[in-house]
Amino acid sequence: MRILICGANGQLGSEINELSASFSNLEFVFSDLPELDICNREMLARFVSENQIKGIINCAAYTAVDKAEEDSKTAELVNATAVGNLVAIAEAQNLKLIHISTDYVFDGTAHFPYSEDCEVSPIGVYGKTKRKGEEFVLTSSSESIVIRTSWLYSSFGNNFVKTMLRLGAERAELGVIFDQVGTPTYARDLANVCLEIFSKEDKMDQKGKVYHFSNEGVASWFDFSKAIMEMGNVDCIVNPIETKDYPTPAQRPHYSVLNKAKIKAVFGIEVPYWRDSLKICIEKLME
Ligand SMILES: NC(=O)c1ccc[n+]([C@@H]2O[C@H](COP(=O)([O-])OP(=O)(O)OC[C@H]3O[C@@H](n4cnc5c(N)ncnc54)[C@H](OP(=O)(O)O)[C@@H]3O)[C@@H](O)[C@H]2O)c1
């Protein structure tokens with residue numbers, strides 16, 4: 001099966017690229033802006049048929065959560081309208097589709113890990129546009145699923161892990177939010193899950209169209225940064241601060257831990273603990 005990876009230069013797309021050699025039953029076509037813009041339906045349809053694509057993993061997104069508050073038009077185009085394009089092409093050309101979404105579709109008022117059937121109620125532009133993108137997939141007749149994930153980091157691209165390592169080397173002390181709780185997720189682990197699902201013969205949406213995947217366990221951004229400093233051997237004091245003391249344009253959920261029971265049961269996936277995966281990523285960064 002030949003699979004198109006959209007947004008291939010981002011964190012998740014780059015991890016899929018690196019893992020792709022281990023999946024010899026799959027062929028890959030990697031694409032990103034400007035050569036393939038998922039907002040351009042004609043370009044996308046032509047590219048898919050010319051390259052004889054049979055499956056798509058959509059890693060492309062507008063991921064700048066704060067910037068989205070003032071640039072909602074672009075966020076909507078990439079996170080919602082373009083997903084409509086992918087779904088329309090998947091239906092017309094009979095393709096399988098994995099679309100990636102986010103824990104930010106929840107408002108964060110829960111006190112237990114969110115399962116797939118919990119009510120969504122995004123509180124920012126990014127989450128709202130990602131939810132609209134999900135809706136195209138959920139109502140599609142194509143064989144397509146949404147995988148929601150949280151707090152992605154990788155050795156590729158810019159992310160919280162790299163920012164903490166850089167700031168930790170520059171400063172003696174840092175304040176990091178402790179009243180937002182979720183689960184850090186190594187994009188490599190998510191990449192592996194997407195490719196495992198595509199490798200399986202089974203119809204991937206027969207047990208529903210939404211799945212949750214993050215690493216195992218729970219952390220605040222403060223806990224996450226303490227672990228980064230410790231594993232990266234960075235001598236920087238991290239102090240816990242409250243969200244109100246670090247105002248940002250976008251509001252974020254206070255609690256967004258995902259329940260992964262469904263993806264584990266349906267696809268037989270083992271989920272690594274977040275600290276174990278973080279250690280692997282930091283060791284790779286240190287090489
Ligand atoms: N990062 C997180 O913490 C996080 C958390 C939960 C869920 N997610 C979701 O996980 C998925 C992967 O995230 P990520 O962190 O790997 O994202 P990322 O690093 O920001 O990569 C996204 C890629 O998509 C590209 N792109 C943007 N607009 C495009 C378009 N119109 N056509 C084609 N490509 C386009 C970007 O190019 P440019 O860089 O040139 O714009 C970038 O290379 C996304 O769906 C995201 O919403 C992410």
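Predicted model: local features only at pLDDT ≥ 70, side-chain atom pairs only at ≥ 80, totals over all residues.
Local features require pLDDT of at least 70 and side-chain atom pairs pLDDT 80 or more, whereas totals for chains, interfaces and linings use all residues. Residues are numbered from 1 along each chain as its sequence is written, and side-chain values use heavy atoms, with hydrogens and water left out.

Helices H5 (residues 160-170) and H7 (residues 221-231) have axes that come within 10 Å and cross at roughly 60°; helices are DSSP runs (H or I) of at least four residues, and strands (E) of at least two, numbered from the N terminus, and axes are lines fitted to C-alpha atoms over the stretch in contact, with angles from 0 to 180 degrees between N-to-C directions. H5 is therefore oblique to H7, the class left when angles under 35 degrees (roughly parallel), over 145 (roughly antiparallel) and 65 to 115 (roughly perpendicular) are set aside. In contact (heavy atoms within 4.5 Å) are Phe160, Val161, Met164, Leu165 and Gly168 of H5 with Trp221, Phe224, Ser225, Ile228 and Met229 of H7.

The structure holds 17 salt bridges, each a side-chain nitrogen of Lys or Arg within 4 Å of a carboxyl oxygen of Asp or Glu. Glutamate 134 pairs with arginine 131, the closest N and O atoms being 2.7 Å apart. Glutamate 134 is buried (under 20% relative accessible area; exposed is over 50%, partly exposed in between; 1.4 Å probe, protein chains only) at 0%, and arginine 131 is buried at 17%. Arginine 275 forms a salt bridge with glutamate 230, with closest N and O atoms 2.9 Å apart. Glu15, Glu18, Arg188 and Lys284 are linked in a salt-bridge network.
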